[in-house]
Every structure is written in structure tokens, then in C-alpha cells.
Amino acid sequence: MPSVAQTEKFFPLADWGQLLAQSLRSSDELLAALELQPSDFAEGLSLAKQFPLLVPRPFVQRMAKGDPQDPLLLQVLPLAAEDQLHPGYSADPLGEQDTNVATGIIHKYHGRVLLLAASGCAINCRYCFRRHFPYSDNRLGRSQWQSALDYIAADSSISEVILSGGDPLMLQDAHLADLVEQLAQIPHVQRLRVHSRLPVVIAERLTDQLIELLTRTRLRSSLVLHVNHPQELSPLHAQRLAMMRQAGITLLNQTVLLKGVNDSAEVLIELSEKLFNHHLLPYYLHVLDRVQGAQHFDVSSAEAYTLYQQMLARLPGYLVPKLVREEAGQPHKTPLHAF
Ligand code: SF4
């Protein structure tokens, strides 16, 4: 098989930590970079201080200048609509605090647990269902890992550990390698899944060391990225993801259906095709979790189902993600079949 370097243009990797440190942290800074004014947003900007704007420069570079409706910009810009309270929208829409069974562990479903390996993210997505999650009570420093590992070791029904957060790839590779090694020492754990948006917003996070640590473990590894719009993917993603696929890592994607961002059949179809060209299979299309501050992104279940039907009619089955809603207390995600 030809190597990636032989088949695709090779891009050298910048230091992802430096790119992360250079992220934009205010609406003023972001609007200036995009040649926009606050007055371009009729509904106004949010002045709330909690869950502030955070966006890395490589993601900003994928936004169109001068377009207040840019689908990437709308995912990160705090609008005044976030400050309104709506019935049915809560701080903990998935009831995660009830399943937060040990520090750093969320145990919702049979056979698998979420390990909250890092409390921060590289980007603050305005629709995030964990935007109010008490990360400060779940900070897992190296010294606290043991309680999470003990929980997993004590339950032999757990065959898969999902590294989540925050964003687990905020950990340095050496730190992550240690954690993976300790998980691999638990005999009943067979699979490791990493859920991350960091490599979407900074493709340089897909380092050689990350590929190595996910392939040298005895655990079967998969990486689930979170891409919402085709504009988020770049040639560097294609190159790095090709290397991961060649190394034997299963690559999947989950998308959140967001009003004004990706709520059209054309965008969703283009996204599925582009994901495949970037070595990712569409896994889930989630309807919005009803978290306080995100109501303006909501697409109704009926509209979501219509979009899903259009995808079914125009894409091969393997490029149609499962359309699901997550509901507190349910033993699995709920497929949205008919309304
Ligand atoms: S990267 Fe994921 S966990 Fe972090 S804010 Fe965005 S959606 Fe939430």
C-alpha cells in the first residue's frame, strides 16, 4: 500500500500547544479578525461572563470574512439569545449529575463508561450540553486517576472506556499514554474510544505520538470526531486522518444538528461525502440537547426527520448517520424514526 506521503501533499505539523495558546478569547477580537461589527448582529451579543468565547485561530481561518451568518462563526459567537431562559431548557438536560457515579466517571449505559479525562476544551461551542457541567468537582489530576480506575476495575461488565471531557485531547500525549496504559491493565476493558473536537479545530493535534499511543495499546482504539459543517475540514485533516486509518484506528464522526449552521439537506449531504473523503464515517446526527442558552439552535424533531429522509434518498446507507436524541434516564440513545 502506498504511504500517505506518496499519495497526498505533505504538510509539516505546527506545535498544537502553541496554536492553542494563541486562541481568541473575546468577541471583539474575533469580530475584528473577520472584519465584522457588533451592529452586524441584529439580536445583539451576549455580555454574560460564564462560558466565554474561546476559539483557536486555525478554526477562525476557516470562517469567511465579512459574513455574520458564517456557519462556523455562529457556533462560537455568544449572542444575546443565550441569555434568555426558556421552559424545557435546563443546566443539565441529560441528567448527567445523576450518573456521575465517581469523580471523573459518568456511567450511563451498559458495558461502557465515560472517563472525564480533561476539564477544558480548545473551543467553547455555544450549544454544548456540558456548558454548565461542574468540571471543578470532576477535575482528574494524575493523582485522582486511581479512583476512576478503581471504579472501572471493580465492574467487570465494563468492556469499553470512552475518554471524554471537556476534551480528552487537551492532555499531553505522554499523560494520555500513561492513562491508556493503566486502562489496558484492567483485563475486562477491551475497547478505548476517544471523543474529541480538538483535532477538528486544530488539525495539528493529530500528532505521530497520538497515533502511536492509540496503536501500541492492546485495546482496540477508535476516535470519534465532532464535525458539524463541511467547511471545518481541511487538507491537513485529510492527511493526518489517512495516517490514523492506515495505522488501524477506527475513525467516526458525530454531528449536532444546529439551526442556521447545518439544517439543510445540501449541507448535511455535502458533510457526509466530505467526511468520507477525509476517512471518517458519519456515526451520529444528534438533535440538540435542551441546554439553557442554546434554544436558538434548536431544530424540531419533525424538521430533523425530514432532513434525514432527504439524506436517505440521496446517499448510500453507509454515509447516513443515525439520527438520535439523548434522553435522561434511557438505557441508550433514542433513534428518531417517525413523528
Ligand atoms: S468541544 Fe465538545 S465538550 Fe467542548 S464545548 Fe465543544 S461540544 Fe462541548
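**Close-up views of the ligand site, pockets and cavities**

**View 1. The ligand sits in the largest pocket.** This is a predicted model, in which local features need pLDDT of at least 70 and side-chain atom pairs count only at pLDDT 80 or more, while totals for chains, interfaces and linings use all residues. Residues are numbered from 1 along each chain as its sequence is written, and side-chain values use heavy atoms, with hydrogens and water left out. A pocket is an open set of points on a 1 Å grid over the protein atoms alone, with protein on both sides within 12 Å along at least five of seven lines. A molecule sits in a pocket if more than half of its atoms lie within 2 Å of its grid points.

View 2. Ala, Val, Leu, Ile, Met, Phe, Trp, Tyr, Cys and Pro count as nonpolar; Asp, Glu, Lys and Arg count as charged; the others, Gly among them, are polar.

**View 3. Three cysteines carry a UniProt "binding site" feature.** The unreviewed entry places the feature at Cys121, Cys125 and Cys128. Cys121, Cys125 and Cys128 also belong to the lining of the largest pocket. UniProt positions follow the numbering used here, feature names are shortened, and annotations may be inferred rather than shown by experiment. Cys121 lies in the loop between β2 (112-116) and α7 (145-153). Helices (H or I, at least four residues) and strands (E, at least two) are DSSP runs, numbered from the N terminus. Cys121 counts as partly exposed because its relative accessibility is 29%, between the cut-offs for buried (under 20%) and exposed (over 50%), with a 1.4 Å probe and protein chains only.

**View 4. The largest pocket has a volume of about 810 Å³.** Its lining numbers 39 residues, and those closest to the pocket centre are Phe129, Arg130, Ser164, His195 and Gln254. Lining residues have an atom within 4 Å of a grid point. A volume is the space filled by probe spheres set on the points, which are joined across faces, edges and corners. β1 (105-109), β2, β3 (160-164), β4 (191-196), β6 and β7 each give two or more residues to this lining. β1 gives the most, with 4 residues. The lining divides into 20 nonpolar, 10 polar and 9 charged residues.

**View 5. The second largest pocket holds about 210 Å³ of space.** It is lined by 13 residues; Ser27, Ser46, Leu47, Ala48 and Pro78 are the closest to its centre. The lining has 7 nonpolar, 3 polar and 3 charged residues.

View 6. A cavity is a set of grid points where a 1.4 Å probe fits but cannot get out. The count is 2 cavities of 30 Å³ or more. Residues lining the largest cavity include Asn253, Leu268, Leu275, Tyr284 and Met311. β6 (250-256), α12 (265-277) and β7 (281-286) each supply at least two lining residues. α12 gives the most, with 4 residues. The lining has 8 nonpolar, 3 polar and no charged residues.

**View 7. Lys333 carries a modified-residue annotation in UniProt.** The unreviewed entry labels Lys333 "modified residue: N6-(pyridoxal phosphate)lysine". Lys333 lies in the loop between β8 (322-325) and β9 (334-335). Lys333 counts as buried because its relative accessible area is 18%.
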